[in-house]
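Welcome! Please take a moment to look over the sequence and the model below, and then we can walk through a few parts together.

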Amino acid sequence: MKIKIGNKIFSDRMILFMLLVIAYSFIGSANETTGDGIFSVSSLSKYGILLLSVLSEIIYFYRSKTSVNKVYLKREFKNFLWYFIILITLTIFMAVSSMRFSVRSIQTFIFVFLPMLYAFLVINTWTLEQIDICLKIGFIISFIGYILSTHLSITYILHALNTINYEDTNSSLLESSTFALLALGFSGYLCYFNKGWGWKLFSVVFVIMTFKRQITLTAIVLLVLGLFKVKNKKLNILLTLVLTILLVVFAFYYYHAIQPNNILDYSQKLGVDLREFSTNRTDRLNWLENSTYQSYGFGSSIDYMYKEFGGFALEMDVVQLFVELGPLAVISFFVSYLRFSRENAYVFSFMYLILINSILSSGMASTFAWVIILIGMSAILKKSQMMEVNL
């Protein structure tokens, strides 16, 4: 089925994508990692549309000539397959060792890996023009959804923007964990292209409005990087290895520093109150470390903390991987995501900054945001590959 609007033709799969963005932006924003999670009415609605979207892409992929012709980004997405295998192996080992299993593990795998499958299918069944149209329409839809979710007047929103203070993390009613990473996904895509300054600036403003410090910094860096030709360079193996090692070292150092027995000492050494810097997330690690928790797989800390501590989770992705699955999971996390993105300097920078955020905060299981992020990154990677072929 196809619908023509103006001079643009929209397929049923494109319409499903836009319905997905509408569902996420306007249906109750229940936290997928806590509370009723995937079994809440809002989550069932949103994930129902997402599953329908994925199934429609799978059917089209295998019915079309795409499945026998060139498959784009097969090697890049294969990195995520190895990451999935490592995590599921560790999860099975932990579950058997502790003689305990939770449906939360299945949920967490769905949250993390479904966007990867969807993005792979989209990049191989849509044209770049179709992706561009849908991401721009999706951006507008999500921005409207965000504005309505604040329940604030335009006058107050403008005032709040003018008085943003990043030293006080509780100073803005515009802050939104629901839309921050989603806004960054749209902005990261739009800031890559040479044309469309209105789209670029508007998307960065959207990110700024959600009032997340590291995510805002990422959007600004990408806006600047998008101006230079170096954005299309491919990173060599040595540079990728060095940058990956640096990220792993930082992650291990940060995890060690915020341990309950170390945090005061390291706060003094660094001259930074790590508890305040983490917006008190380190307290949650303290609760977990001093509890009876024993890992039983991916997502088990969320399951345990929700039951024992009234709906709280660690909200630090890399720390979660450490406590649930150990250092191998952390290393494979960084390696798989960075190997996916290393063919293009802009995409690599985009991913690298998101991974830094995953050390300090959460977002790994923000399924709908990662749908946008991975589709946008894949479109840029595909475009840069096509540019190389034409040179």
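## A glycine under cover

Gly145 counts as buried because its relative accessibility is 2%, where buried means under 20% relative accessible area, exposed over 50% and partly exposed in between (1.4 Å probe, protein chains only). This is a predicted model, in which local features need pLDDT of at least 70, side-chain atom pairs count only at pLDDT 80 or more, and totals for chains, interfaces and linings use all residues. Residues are numbered from 1 along each chain as its sequence is written, and side-chain values use heavy atoms, with hydrogens and water left out.

Gly145 sits in helix α5 (residues 128-150); helices here are DSSP runs (H or I, at least four residues), numbered from the N terminus. Beyond its neighbours within four places in sequence, Gly145 is in contact with Ser25, Phe26 and Phe179, contact being heavy atoms within 4.5 Å. Although 123 residues separate Gly145 from Ile22 in sequence, their C-alpha atoms are 7.8 Å apart in space.

Setting aside residues up to four places away in sequence, Ser98 touches Gln294, Ser295 and Tyr296.

The table gives polar contacts, that is, pairs of N or O atoms within 3.5 Å; within protein, one must be able to donate a hydrogen and the other to accept it, and residues adjacent in sequence count only if both atoms are side-chain atoms.

| Side-chain atom | Backbone atom | Distance |
|---|---|---|
| Ser98, polar atom | Met94, oxygen | 2.9 Å |
| Ser98, polar atom | Ala95, oxygen | 3.5 Å |
| Asn344, oxygen | Tyr346, nitrogen | within 2.9 Å |

The Asn344 contact is at the start of α17. Helix α17 (residues 345-360) has 16 residues and spans 23 Å from its first C-alpha to its last, close to the expected 22 Å, which is 1.5 Å times one less than its number of residues. Of the 16 residues in α17, 15 are buried.

## The second largest pocket

Now for some open space. The second largest pocket holds about 370 Å³. A pocket is an open set of points on a 1 Å grid over the protein atoms alone, where a 1.4 Å probe fits, with protein on both sides within 12 Å along at least five of seven lines; lining residues have an atom within 4 Å of a point. The volume is the space filled by probe spheres set on the points.

Which residues lie nearest the centre of this pocket? They are Phe77, Phe80, Leu81, Met116 and Leu117, out of 14 lining residues. Two or more lining residues each come from α3 (74-98) and α4 (103-125), with α4 giving the largest share, 8 residues. The lining has 12 nonpolar, no polar and 2 charged residues; Ala, Val, Leu, Ile, Met, Phe, Trp, Tyr, Cys and Pro count as nonpolar, Asp, Glu, Lys and Arg as charged, and the others as polar.
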